[in-house]
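Hi,

Here is the structure I said I would pass on.

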Amino acid sequence: MSETTSAPSAVSATELRAFAGHFATGVAVVTTAHPDGALHGLTLNAVTSLSLDPPLYLVCLDHRSNTLKALKESGHFAVHFLDRSQSEISRVFASKQEDKFAGVEHIVGESGSPLIGGVLAAAECRLSEICTIGDHMIVIGEVQRTHVFGGEPLLYHRGGYTALEAERKVA
């Protein structure tokens, strides 16, 4: 007689957040400009390099995001890696604040997407593909140009901001 076992149930959103929170990530902001001129942006940590040839970057956005809607219509976006001093910018872009760019230094990049000042690096991307997975959309962008400034990254770990130790030892 064989024993039947049922598949374990999926973890809850709370359990998954607790698990994922133990992985330290950099903090990124994605920005775009709607064709009507309205600027949009949000904070995220679901971002990764996808391909060197062609140069592709991947970001994941909630399917209900206003930034995603504007990005789809504009066909372009910028990815910014925040500096350790920019936790307030991260909070602003994580909020539902109407004008997230008020008081945030920025210029318009060649792509038309806003570029935030003081970041470690930024990449201007042309929308390449969007895939729906669960409650998010995977947005793939072809990197058109990069802006690298350097500095120390803002990190997110276990529900809070942190940074690398000031002095690192090389093995």
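**Notes on the model**

Arginine 158 sits in the loop between E11 and E12; helices (H or I, at least four residues) and strands (E, at least two) are DSSP runs, numbered from the N terminus. At 59% relative accessibility, Arg158 counts as exposed, where exposed means over 50% relative accessible area, buried under 20% and partly exposed in between (1.4 Å probe, protein chains only). Its phi is near 50°, a positive value in a residue other than glycine.

Before I go on, the ground rules. This is a predicted model, with residues numbered from 1 along each chain as its sequence is written. Local features need pLDDT of at least 70 and side-chain atom pairs count only at pLDDT 80 or more, while totals for chains, interfaces and linings use all residues, and side-chain values use heavy atoms, with hydrogens and water left out.

Now the overall picture. The protein has three helices and 12 strands, and its C-alpha trace spans about 70 × 45 × 35 Å along the principal axes. Of its 171 residues, 36% count as buried. Contact here means heavy atoms within 4.5 Å; among contacts in the protein with a separation of 6 or more, 63% come from residues 24 or more positions apart. The accessible surface is about 10600 Å², and 54% of that belongs to carbon and sulfur atoms (Shrake-Rupley method with a 1.4 Å probe; for residues, only the protein chains shown count as cover).

E11 (residues 154-157) and E12 pair in the antiparallel sense over four bridges, and two strands count as paired if DSSP finds at least two bridges between them. Tyr156 has Tyr161 in E12 as its bridge partner. Both strands belong to an open sheet of three strands, in the order E1-E11-E12 with antiparallel pairing. The edge strands are E1 (25-26) and E12 (160-163), each pairing on one side only.

The C-alpha atoms of His157 and Ala24 are separated by 4.6 Å, although the two residues are 133 residues apart along the chain. His157 counts as partly exposed, at 30% relative accessibility.

Next, helix H3 (residues 87-94), where Ile89, Ser90, Val92 and Phe93 are buried. Seen down the axis of H3, these buried residues fall within an arc of 160°, so they line one face of the helix; the arc is that of the directions from the helix axis to the C-beta atoms. They pack against E11 and E12 again, as well as strand E2 (28-33), strand E3 (39-44) and strand E8 (114-116).

Helix H2 (residues 66-74) holds Thr67. Is Thr67 buried or exposed? At 4% relative accessibility, it counts as buried. Not counting residues up to four places away in sequence, Thr67 touches Val30, Thr32, His40, Gly41 and Leu42.

One last thing to look at is the peptide bond from Asp53 to Pro54, which is cis, with omega near 5°. Pro54 lies in the loop between strand E4 (47-51) and strand E5 (56-62).

Cheers
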